[in-house]
Structure formats: structure tokens, C-alpha cells
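These are my notebook entries on a structure that I looked through.

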Amino acid sequence: MNLYCFTIYRSSSQLSLSVFCQHGRVKIKSTAQQEEEKRKEKEKKLKAFVSARDAVLKKRSAGEHDEEALQLTRQLLSSNPDFATLWNYRREVLLHLETLREKDEVQKLYESELHFIEACLKVNPKSYGCWHHRTWVNTRLPQPDWTRELGLCDRCLSLDERNFHCWDYRRVVVKASGVSVEQELQFTDRLIGSNFSNYSSWHYRSTLLPQLHPQPFHSHRVCEEQLLKEYELSHNAFFTDPNDQSAWFYYRWLLGRGVCVCVCLELLCICEDTSAHPMLCVCVCVCSRARGDDQLCVYDLHVCVCICGRSELSVEKSSVLQAELQSCNQLLELEPQNKWCLLTIILLMRALDPLGHEKETLAHFQTLKEVDPMRSTYYSDLCSKFLIENTILKMEYAEVRVFSLSNKNLTTLCHLDQLLFVTHINLSSNQLLRLPPHFAMLQCLEVLEADDNAIENLEGLYHLPKLEEVSLRNNQICKLSDLESLASCTKLTRLDLRGNPVHRTAHIESELSQLLPRVTALSL
Amino acid sequence: MAAEDLPSQFDVVILGTGLTESVIAAACSRVGQSVLHLDRRNYYAGNWASFTFNGLLSWIEQYKNQQEVQITELEQVWRSLIDEGEDAVPLSALDSSISNLEVFCYASEEEEKEEEMKTPLSSFQPVNAETVSEEANGDSTEAHDTVTGDDTTASDAKTPNEEHEVSEPKEDQHTSDISEPSQSQEEKESQLSSSPADPPVEVQKKITYQKLVKEGRRFNIDLVSKLMYSRGALVDLLIKSNVSRYAEFKNIGRILTYRNGKVEQVPCSRADVFASKQLTVVEKRMLMKFLTFCLDFEQHPEEYQDYTEKPFREFLKNKKLTENLQHFILHSIAMVTQHTLTEEGLKATQHFLRCLGRYGNTPFLFPLYGLGEIPQCFCRMCAVFGGIYCLRHSVECLVVDKVSNKVKAVIDTRGQRISCSHFVVEDSYIRDEQRQSTAYRQISRAVLITDRSVLPSESDQQISMVTIPPLESSAPAVRMVELCSSSMTCMPGTYLVHLTCSSSGKAQEDLAPVISQLFHVSTIPGEEPSEGAEERSKPAVLWVMYFNMRDTSALDSSSYSLPSNVHVCTGPDDSLCSDYSIKLAESVFHHILPDEEFCPPAPNPEDIIYDGDGPQAEGPGFDESTNTEADKSLAEEEGNSEPAEMDSVTQQAPLDMTPASEE
């Protein structure tokens, strides 16, 4: 190429002498002139495109499936590869031609089609039509060349590592060509090495690892040795750039692999009939908490008590996690403001020893809310969840039926399914806004204390057959209608509503006594 | 020799085709000035030039012959052209900017002595050829002594200001070969190519000297070794002026450093830090944190204000960075000395970081076919806009108007008087009489051809930049660039290594210790013929050249007693980038044409309006990049060109391009 440059240099410099010398300066077209030329060029192009399009659509409606159709659609698609109708038409034509030709001719036909698609992908590498058509062509091709297709994907991904069309297509190719898991893992190694902010690669890794070392009974587990390597990889990523979330997400997935969050719960359900004669029946059902079944469906069972079995961590696993906690703490020392690090530490602490780390966890939550104010409510909810879990743990050990969560800054209620035997619950001095519908699960509840919150909604106080006493001092109950659900609690006799805006309602006492005739001790 | 060949009137006459002069030429021509661009050499780019291996051998030959060149007395011719009221200021005919040139060859010699006598180039290494063979016999010390003995006598006898007299130690060996200084390059080349007529027997994959000569056209050996910061002044200018279309570039693949006797990769980009195996995760975090801080350090003055008067090194220590990291930052990223102040160090780091990622994982680019391409690209732009070029054509003297004390004309080496309103000249053309000060610095250079990379890796086609901190506290830091064959600067299977440092003595004294640390040099005294595995892990040096180049970058207009419309361009400086030369070009340009823009973008060929019908009908204009058809046809017209040997053109083209015919 240099040769050419130089030879032209010689001729052009001689040429230029005659061009420029008399004039001194080069005359250049003005921008208006240029724009005008561009506009004309555009118009011409548009005209050609529209006439070709009309011709093609006419041919299609006439049902013509010939070479000319291929030729015409080719012209149009190479300037606009996103014209899905044309790809459809092309497929029709190809299917027709396929029936007329010999096998090796068909091979040639489809190979030239692949070349054409490649050209279209250069126009728009994110064209749905192109990628879809390419997949289709490969299914029709008598002898598909998967190595070439893999090469194409590699080139495409090196230009744009986040092109999800290409990722999708690549998965098809890998599946069809039977590339080994090891090779694919190396492929992700390479991509992550060149830029580790790449969710696609990390995610792909997470699907490959379990296949690489399958464990007999746990299809989604990764063997320990590989896990350690993966921990190291993600350490490198988040120590290099702790604000990059892709590695953190992967890391949390990895931690999940180790801890085995999918705890199988053996639930002992005690059923109580709605009728006045309680009849206990015991049934055992198994459910997986990992499926998101935190809230058990109460079918026709009114009382459902679960005895939650926590799987104890093996010694090796807890030592691995302990080491992970240490390296995260190390990072936190360097980056005290990093939210990903804080959050991961909290999760690790919970996995290791939720009660022992409670104090630190709370402090970390406080920092999190400060450094990431946009998500402070999320953190409050998460913190509430953890506090409730901790309280449940303690309760389990003590086997008490009185449950107290007062003054813990709770913003939300959860895990109520594990409190089904509780008779006395104290939620005072929190920041609860409502008693959610699944609060109605607490069928054994007799006394509810929820003073000093910001509760405005009581829809969860519904059909609680044993509820006798409710204290809702200093909350935000405004309307009489908010209290309507209480009417379904037939044993309710004591109700404290002091310090709520509702007391300003006219005739409140008479209205209330009408709504809740059984309540004898009403404080307003 | 017809004087009518050149017009007798130009706006600007430029003497010397180095980078600065070429940029000025392009800038002036671009805004419509008529430019005459001359060089006394037969190649472009002066001390910025790149040579094929054979071209370099000729250049070495020329250097050695220089002292014997008779200065032809043209004085009488030009005396008659000086009118009354005018003064003549003669220019220097000798270039003394290169000194202490020494060449050693370690590649094995297949041919016998007989062959050597036929070849002019064998003159450089008979002694070395002997040492090699003696080395093989285990008797190396004696041979080495002869070499060093000559060296010391040579250096003792000469003072630095007489560099051009400092001669090759083995001079007596090749007097017979210095036949006629006028021998043209073509003739030599034909001799060179004919010499290995009987093809050397290919033994293993060993690269012989004959092979280097035979493949000599694949080399493009730069006299100056610099890289381009991807956001530096040169890259900006190339982009702004559209000159970049005349060249191609390659990324520097990695930054290496020499530390604790080992070559290590310096993690500088995010991907490097992530992938680095030598850093602990905590170090990774500290490094990234520090680099992130450097990117906008001006925003956090509280971090460094206590250290503004103290060295950068102390600041790094205070930041509690580990030894590892301090080394990387100080020597390889900021590339500053132990004494550089904090703010300067931070700025250097910041510049490095800002250049990352623009074109790749390191901040540097290198022009394919060598740095010598760049001045030629600017010359080309100048020619496209009407500049006229003559090589082997210099200026004898300046004609100065006594009243205004301004140059009004120059008299060229052919005795033609050419009037001009500005005269731009490279420093090496200035006689000592016109200098106020002659205190130059020197740059020490070494060029090596080696057989493998200093740090082999998966890809053997990477350009590496290696920073070597001072081996002793008094020694200068050495910068090394290792070029692979895909950079089009050396033959496949070899690496071209450039070492550069500011001189504290002769180039060989400055650089040989570093070379012996990093490479396997077969004449090291006391080395066992049966090499240990450690020795063999180092790349072997096949050929090495040392020289000093004068660094005049510290001089400014007050250093010369010259008329005000004479603008002196100093030569290459010792820094890694060319920013100094570009800034100088810009300031000279604004001196000449205060109201004009410096190198505005060249218009696209299709946007140029051609007056008259002639040139337009003739076709391709200068739109070579898009029209491959035209390229081919033009190349075919060339007839004698050999498409396979692209590199040959660098050598041929400058000769052919001289508009004034030689006949």
C-alpha cells in the first residue's frame, strides 16, 4: 500500500503543480454547494429505492419466485437490512429454488446467501432480520460450516462485545457445532480479560460452570476448586474497579453457589377447620424457598405452621465464606464508601452468622443509606427483612409465642409465614406504613401492639379469629373506612386509636360502635 | 545543472527535511505560500530518517567518509551574485550532528574472508567476525580487548566538540573500501545485492549477516526513536490537517519495564490491572485509585499541595503505594526522574492516562514503516499544495540586506540566486560563526537487531515500549522500543530494538551496560561458551549500532546571530514524543504568517473546484485512498516497481521525487 501511495504522490504532485500554482490558494466548494449536492444525491437514492421496493412487492403478490426476485431484494436489503418482509420473500424464493436444484447447487445457493447476509450485517450489525435469516439459512444448508460461523461471531463480538443478537446467534452455533464447555469457558476468559464490564460474558460463564464439573445430586452447584478460581477472578475485577457492577453480580451468584440458598424446607402444616371444632391434621409438604415461596399459600388451611429447618454450613464452606468476608473487608478499608462492597459484606455476614454480625450489619446499612440515598428505602426494607429473620431465629431457639420487634426502624413486614403460632406481636415504634394483606396469616394472633408507626392501612387485620386486642396509638389512620376490615375479627374487644387523625371525624364514636359492636374498650 | 530549473522567486525557502521543517513547509504551502524545500542529503527527513538495512550501511559509510569530502569552492560563483548593500552569510556544508558512530556485528558469517573482501559492507565487522569465531574457541578476552582498547583511545583523543572527527576504531581496516565518496547509492545497492550471489547455506533458522543484507529492504531503521502519544500534539496535528491519510499506524501492544533483573509488564490500563498476575488485589485497588486520582488531580489540590516543592517520588511514598507500584508509576507511567517535582509528575501521569484507550490499551502509536514516514507525509502535503522539492540540493549562502538586516535571497549549490521573504533552516546547516552558544546536549542511541522479544508472549507481533530505570544512580534512564516485523521495520524472525537516553558520554558507554543486562551479547568477557539456560533465555543481538546525535532543542533564536527572517529549527530532542518539534513548527509558522491558520484540514478531493479543463479530465487527482482502481493502474505505469518489496519505495521514492533532474 505504501508503494501505491508513493507512486501516486509523484504523479499527483506534478499534477498539483499545474492545478494550484497560478491560483495560489485552493478553491473549495462552499458548504451550501456541498449540502445541495448531498440533498440531490439523497433524493436520487430514495427514488431508486422506492421504485425497486414497489417492483419487489408486486412480484411477491404475483407469486413469482425467480432469480430476479433474489436480485431485487438483494439490492434493497443491502441498503436497508431491516426490511423484514423482504427477508420473508427471500425465504419463499429460496425454498422454491431449493426444490428445483441439485444438492451441491443448493449448497452453493445458500453459501452465497451467507455471504450476502455478512455484507448486510456490516450495514447494521444489530439487524433482527439479518440474524434471524442467518440462523434459518444454516438450518437449510446441507453442510453448514460452523467454524466459519464461530469466526464470524468472534469478529462481531470483538467489534461490539454487547451485541446481544450476536450472542444469541453464537449460542445457536455453539449448540449445533458441539463446541466443548472448556473452550467456551476460555472464550469468556478472553472477553472478560479484554473488558470485564461485560455482563454477557459473566452470565455466560455462570451457565457454563455448572456444566463443566457437574455434581451428581446438585445440578446447579459448582465444584469447590473451580469456585475458588472464580472467586479470585471476581476479586481481581472488583478490586480493580469496585464501581463496576457486572463482577459484583457474578460474585453474588458465586456466593449463592457456595452457601446453597436453596434450602429445602420441611414444612409441618397443622390445619384447623373453620368450624368451631378445631381438628388438627398434620401434613408434611416440601417446598423450596428458592422458588420464591417465601409466603406460603394458605389453601384451605387456616393455620399453617412451619418448622423451618436451616441448613447448617459445612466447615469448608464457612471457611471459604469467612475468607471472602475478609477480602471484602479489606476492600472496604480502601473504599469505605463503596455500596457494592457494603452490600456484599452484609450478605456474607448473614450467610455466616446473622445474629453475631447483627450490630455490624446495621451499621453497614446506615452507611449504605448515606452513600446511596437514591436506594435508601430499598435498604430499609432489606434491613427490616434481616431484622425480622434474626428475631425469628432467636424465637426459634426460645420457642416463645410472643414476638417483639419494637423500635427496630422496620419499614416492611415479611416472613409472616414463619410466625403462624405467635399469639402476641409487638411492632411498636417502627416506620411501618401498612399492615399488608398477608398479615392475615397470623391466625393465632391475640394481641397486636403497633403504636408509634405511620400506619394508614389496616387491610391485613382481616379475619383474624383470635384477635382480642389491638393498639394503634399515634399512627396515620385517617378515615373510618380504613377500619372496616376490623369488623371481620370477631373476638376483637379492645381497640386503642389515640393519636390518629381519624378522631377528628364527626360522630366517630357512634359510627365506630356501629361498625365494631363487640369492642368494649375503645380509646380515641 | 540548468539554473532555469527552479523559479527565481519563492515566499519561503526551507532547508532541511526533518519533522519541524516539513511541518512548516506543509503549513505554509497549505495556506498558499510558494515553498521551495531543499535538503543536501539524498534522502528525506534528515536526522528523522528511516533506512533500509542497506540504506543504513550506506549512511554509515557516508558518515565515515564525511571528513574526506572536499568542500568545493563555489565562492567565486556566488560572490558575483551579491550586489552592493548586501552581505553574504555562508552556511555550513558539513553535518556534524552525528558522532561516535560504532557498529558491531554478532550474526554469524557464512561467507569466508574472500567474500568479505569483495563486499564493501563487510568492512564494518571483520574484527567482530574474528571475535565471534574466537569466541567459539573459548578465547574471547583478547579479542575483546582489542575492541575496547581502540574505543578508549578514540574517545580520549577527542573532545566533544570535535565529534565529526571521532572515527570508527577499526578505521584502518576499511580504508581500502572507501573508494569514491561520490559513489551513488544505487551502485552500492547493486553491489550489495550481488554480493550474496551464491546463496548462503541455510543452517537451522539462524539468521546470518548475509541474510540481514539480503532481506535488508524489509528494514526501516529510524535514526530517531519516538512514539506518538495518542492525544499528543503530533497526532492532533495529523488528524487536524488530514495528513494522517498518508500513513498507517500500529498500536504499541504493551509497556514493559526492567526491574530486579527481569522484564515485567507494566499494568497501565484497566484491563491490564485486572489481568495482572504480579499485583495483589490490594495493590490493584491502590493503583487504580491513584490513577483515577491523577486523571483529575487538579480537582483535589488538598491531596498534593504539601508536596508541590518536593519530588514526585516522595509523594508516591507518602501515598503508601507499594514498591512495585511506585516503580511502575514513576518510571513507566509518568516516566520522570527521581528529582521531578510532584506537580510535573502528576501532569505526566495524567497525560499518559488521557491517552489510554483512544486507539488501544496503551497510550502510544507507531507509524508503520518507521517514524521517517511522518516528515515525508508532511512533505507530501506540501507538494500536493504546490511546494517544490529538491534533494541533494543545498544553499551556499544567504543574501542579507545590510540596511534592513533581512534575508532577501539565497544562493543555492548550483549558483542560482533565489529570492525569498523567509528562510527556514535546520540547525545543522548553521556555521559556528553564527552561533552565540555551542553548548549542546547529546542523545545516545543504539539500534539493535535481535532474534526474539525481551518478553516473549502469546503474540510475537507486538510493539513494546520498555522503560529501564538508571542502573546506577548517576546513569540516565534508558528508553527502549522493541519493534516487531509487522510494524514493517524489520524482517520476519527479527526484532528491531531502539535504545535512547540523554548522553552522559559516548553512546556505547551509556548503553552497552543496559544492552548486556537485557540481551545476550556474544562478546561479553568471561562468558562461558556453554551458555546456561538463563543466558539463552535472553534475546541474542545480531547487529548493533551506537551513535550520538546532537540535541539542540535547548537552543532558541537568541542562540544564533542571524537576520530576523531566518528561522532555525532545532533537531530532534531526547523526549519520547515529538510534541516539542510540532510546537516549534507552529511557532515558526506564526512568526512567518501571524494571521494564518496553522495546518487547516485539507479539503476532500471532490470538494475542490478545478479551473480549466485540463487537470480535471486527467483523472484521479490525489484521491488515492478511495480509488483502488486508480492505484493499480498507476502502480502498473510504474513498470519497474516490485509490488512485493514495498519497503524499497522509501528508498527509491525520495530520489525519484526530486523534480530537478540529475542529468
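**A loop histidine**

I located His357(A) in the loop between helix 14 (339–352) and helix 15 (358–371) of chain A. Helices (H or I, at least four residues) and strands (E, at least two) are DSSP runs, numbered from the N terminus. The model is predicted, so local features need pLDDT of at least 70 and side-chain atom pairs count only at pLDDT 80 or more, while totals for chains, interfaces and linings use all residues. Residues are numbered from 1 along each chain as its sequence is written, chains are lettered from A and ligands numbered from 1 in the order in which they are written, and side-chain values use heavy atoms, with hydrogens and water left out.

Is His357(A) buried or exposed? I found His357(A) buried, with a relative accessible area of 15%; buried means under 20%, exposed over 50%, and partly exposed in between (1.4 Å probe, protein chains only). Leaving aside neighbours within four places in sequence, I noted Leu325(A) and Met349(A) in contact with His357(A), where contact means heavy atoms within 4.5 Å.

**Strand 12 of chain B**

I next looked up strand 12 (residues 395–401) of chain B, which is largely enclosed by the rest of the structure because 6 of its 7 residues are buried. Strand 4 (residues 86–90) of chain B runs antiparallel to strand 12 and is joined to it by 5 bridges; two strands pair if DSSP finds at least two bridges between them. In this pairing I traced Glu86(B) to its bridge partner Asp401(B).

Strand 12 also pairs with strand 13 (residues 406–412) of chain B, in the antiparallel sense over 6 bridges. Here Leu398(B) stands opposite Val410(B). The two strands form a hairpin with 4 residues between them, and I noted a positive phi of about 50° for Asn405(B) in the turn.

**Helices 3 and 5 of chain A**

I read an angle of about 25° between helix 3 (residues 67–79) and helix 5 (residues 103–123) of chain A, with their axes 8 Å apart. Axes are lines fitted to C-alpha atoms, for helices over the stretch in contact, and angles run from 0 to 180 degrees between N-to-C directions. The two helices are therefore roughly parallel to each other (angles under 35 degrees). Among the residues that meet are Leu70(A) and Leu77(A) of helix 3, and Leu109(A) and Phe116(A) of helix 5.

**Totals for chain A**

I counted 17 helices and 8 strands in chain A. Of its 524 residues, 46% count as buried.

Terms used: Angles under 35 degrees count as roughly parallel, over 145 as roughly antiparallel, 65 to 115 as roughly perpendicular and the rest as oblique.
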